[in-house]
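Please keep the structure in view while reading.

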Amino acid sequence: MIAANNTSYLALIKPGWKFGALLVLSIALYLINSWTVLLSIFIVSVVLLLTARVNFKQIRLPLISLAVILSVVFILLGIQTDWLNALRSVLRLLTMCLLAYSVSLTTKFEAMLELFQQVASPVRFVGGNPAQIALALSMTIRFIPELKKVYVEVREAQHARGLANNPLAVTVPLVIRSLRIADETAEALDARGYDSEPAAFRR
Amino acid sequence: MSRNPSSSQTKNTVYIAVFAAMIAAMGLMPPITLGIIPVPITLQTLGVMLAGALLGPWRGAMASLVVVVLAVAGLPLLSGGRGGLAVLLGPTGGYLVGWVFGSLVIGALFKYWVLRRTGNTARFLAGLASVIIGGIGVIYLCGVPWTSVATGIDFGTSLVGSAAFLPGDLFKAVVTTLVALTVHRSYRGLMS
């Protein structure tokens, strides 16, 4: 989980402010061209992440893959343009990702999700339904372990038939069973009288 | 059986949630290795393509969007256990945005073009073309310029870099078309 119940000073700031600050800083980083300024912001972002008391195990693998991508970018840009330009690009991306991890790892998953739902709430003015969005998000989280189980079962069954590496033999049963789960759940929701229409729209 | 609007709305939401969970589950599983392609392929974009081809444009796009939103909010759903705000800001964020539009385009092409073809060969070719346009064309169209802007690498190099994934993606396009047409045959009215 790239989100956490953190106890540092960053966790005390409201998610909306952190998110807004990250957005503004990301845009600002692209407008700054001086490598010394970029380097100082990078150092600030490192300090921020180190003082935020985050669990580094959570981002070890993502950071390694980011480092690999960035070294490729550095070498490519260095050869194609010049090395100072390459340094600027890499500093920019690294700073942005470290800041993003500082925000993600000091914010609870629920709080982040709630923020996104607030951001999306104006959809009701164009005919969308915020209740349905909330239902879809929470239902997806509940379905992920179940679908993973189905996927493992199907793969094991096809492995027994010698078809484990045949994507068609794995995917068709997975999709059919997913559709059946969806139908059953929709029927169960109907049977329990779940009504997701907002009160204002009821006739 | 006649359905009132609210119950079909609930059904749409459940379909979106189940397919989003399927895309997520496909990313959590270890990648499948095939003899013909050297890089092991993850099935996550297969799920994105299938969501469009099976659920139609808007429900398909919503399923992809739900996965992206949950991943960005912090669930490690993307292949390799990635998640958090950094995945969107990083050099490959454009591909994630592309998923939503890719599913949308595949869904629209399937709904209004592929499923109206008659004859197996015509259907397969139309389906394959749709999945390649939406699942490769549209997704790369969002991802390649994004990488180029985020890193400063020029457009051509970024395009060449993404070509490494082309064999795997073409393979997934064929699988998606075959699966989608098989499922549509046995599960009629999925898009009506």
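The expected span of a helix is 1.5 Å times one less than its number of residues, and this rule will be needed for the helix described at the end. The model shown here is a predicted one.

**Chain B as a whole**

The secondary structure of chain B consists of eight helices and zero strands, so that, read from the N terminus, its elements run α-α-α-α-α-α-α-α. Along its principal axes, the C-alpha trace of chain B spans about 55 × 40 × 30 Å. A compact globule of 192 residues would have a radius of gyration near 16 Å, and because chain B has 17 Å, its value agrees with that expectation. Of the 192 residues of chain B, 57% count as buried. Among the contacts in chain B between residues at least 6 apart in sequence, 70% join residues at least 24 apart.

**Where the chains meet**

The contact between the two chains takes 58 residues from chain A and 53 residues from chain B. On the side of chain B that touches chain A, the elements that give two or more residues are α1 (5–28), α2 (44–55), α3 (57–73), α4 (86–89), α6 (120–151) and α8 (166–186) of chain B. Of these, α1(B) gives the most, with 18 residues. The table divides the residues of this side of chain B by kind.

| Kind of residue, chain B side | Number |
|---|---|
| Nonpolar | 35 residues |
| Polar | 15 residues |

**One helix of chain A**

How far does helix α2 (residues 35–51) of chain A reach from its first C-alpha to its last? This helix has 17 residues and reaches 24 Å, which is close to the 24 Å expected at 1.5 Å a residue.

Which residues of α2(A) are buried? They are L38(A), I41(A), F42(A), S45(A) and L49(A), where a residue is called buried if 20 or more other C-beta atoms lie within 10 Å of its own. Seen down the axis of α2(A), the buried residues fall within an arc of 105 degrees, and therefore they line one face of the helix. The buried residues of α2(A) pack against α4 (83–105) of chain A. On the other side of α2(A), T36(A), I43(A), V47(A), L50(A) and T51(A) are exposed. After α2(A) comes R53(A), whose phi is positive, near 50 degrees.

Terms used: Residues are numbered from 1 along each chain as its sequence is written. Chains are lettered from A and ligands numbered from 1 in the order in which they are written. This is a predicted model: local features need pLDDT of at least 70, side-chain atom pairs count only at pLDDT 80 or more; totals for chains, interfaces and linings use all residues. Two residues are in contact if their C-beta atoms, placed from the backbone, lie within 7 Å. Helices (H or I, at least four residues) and strands (E, at least two) are DSSP runs, numbered from the N terminus. Ala, Val, Leu, Ile, Met, Phe, Trp, Tyr, Cys and Pro count as nonpolar, Asp, Glu, Lys and Arg as charged, and the others, Gly among them, as polar. The radius of gyration is taken over C-alpha atoms; the globule rule is 2.2 Å times the number of residues to the power 0.38. A residue is buried if 20 or more other C-beta atoms lie within 10 Å of its own, exposed if 12 or fewer, and partly exposed in between; C-beta atoms are placed from the backbone. The arc is that of the directions from the helix axis to the C-beta atoms.
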